[in-house]
Amino acid sequence: MPAVSSANENQSVRTRFKSLNLKNNYEVVFSARKGLKPQVFYDFASAIKMPEKTLARIINLSARTISNYKEQDKFLEPLYSEHLLKLVALFEKGEEIFGNVDEFNYWLKKPFWNSTETPLNWMITPGGVDLLVEELDKLAQGYPV
């Protein structure tokens, strides 16, 4: 798996993670099966301005487990790699639609219409991430979400 660009913090998520091939679900699954280096997790947490513990909880791991993977120079398992890659793709799309990560993070914390659920609540499963991508596509086409 190619290393993520370690360029400056002001770059977009898409630019920082362009070495990850996220063009379609086939590429995501293909890359996930190889596993990701834990550094991708840390770079992504930094890029989206999310505490590492929060991001770890979203992909159903502990921050300590990810740290162990890093210390042991092991790749993340395919399940966690796929979830992380889908989150990267989600944030790329969110940043594109909202203009920046801060605005997208704001949207993620706002409750859905007629609900107390927030988009952030849906991110704990890969299927939930897929549903959020669909919601962003609708939003980009002018539908209220």
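**Two helices and a loop residue**

Student: In which loop is D73 found?

Tutor: This is a predicted model, in which local features need pLDDT of at least 70 and side-chain atom pairs count only at pLDDT 80 or more, while totals for chains, interfaces and linings use all residues. Residues are numbered from 1 along each chain as its sequence is written, and side-chain values use heavy atoms, with hydrogens and water left out. Given that helices are DSSP runs (H or I, at least four residues) numbered from the N terminus, D73 is found in the loop between helix 5 and helix 6.

Student: Is D73 buried or exposed?

Tutor: Buried means under 20% relative accessible area, exposed over 50%, and partly exposed in between, with a 1.4 Å probe and protein chains only. At 63% relative accessibility, D73 therefore counts as exposed.

Student: What is the phi of D73?

Tutor: Most residues other than glycine have a negative phi. D73, although not a glycine, has a positive phi of about 55 degrees.

Student: Which residues of helix 6 make the contact with helix 3?

Tutor: Helix 3 (residues 38–47) and helix 6 (residues 78–98) pack at an angle of about 30 degrees, with their axes 11 Å apart; axes are lines fitted to C-alpha atoms over the stretch in contact, and angles run from 0 to 180 degrees between N-to-C directions. That makes helix 3 roughly parallel to helix 6, a term for angles under 35 degrees. Contact means heavy atoms within 4.5 Å, and V40, F41 and F44 of helix 3 meet, from helix 6, L84, L87, V88 and F91.

Definitions and conventions
Parallel < 35°, antiparallel > 145°, perpendicular 65-115°, else oblique.
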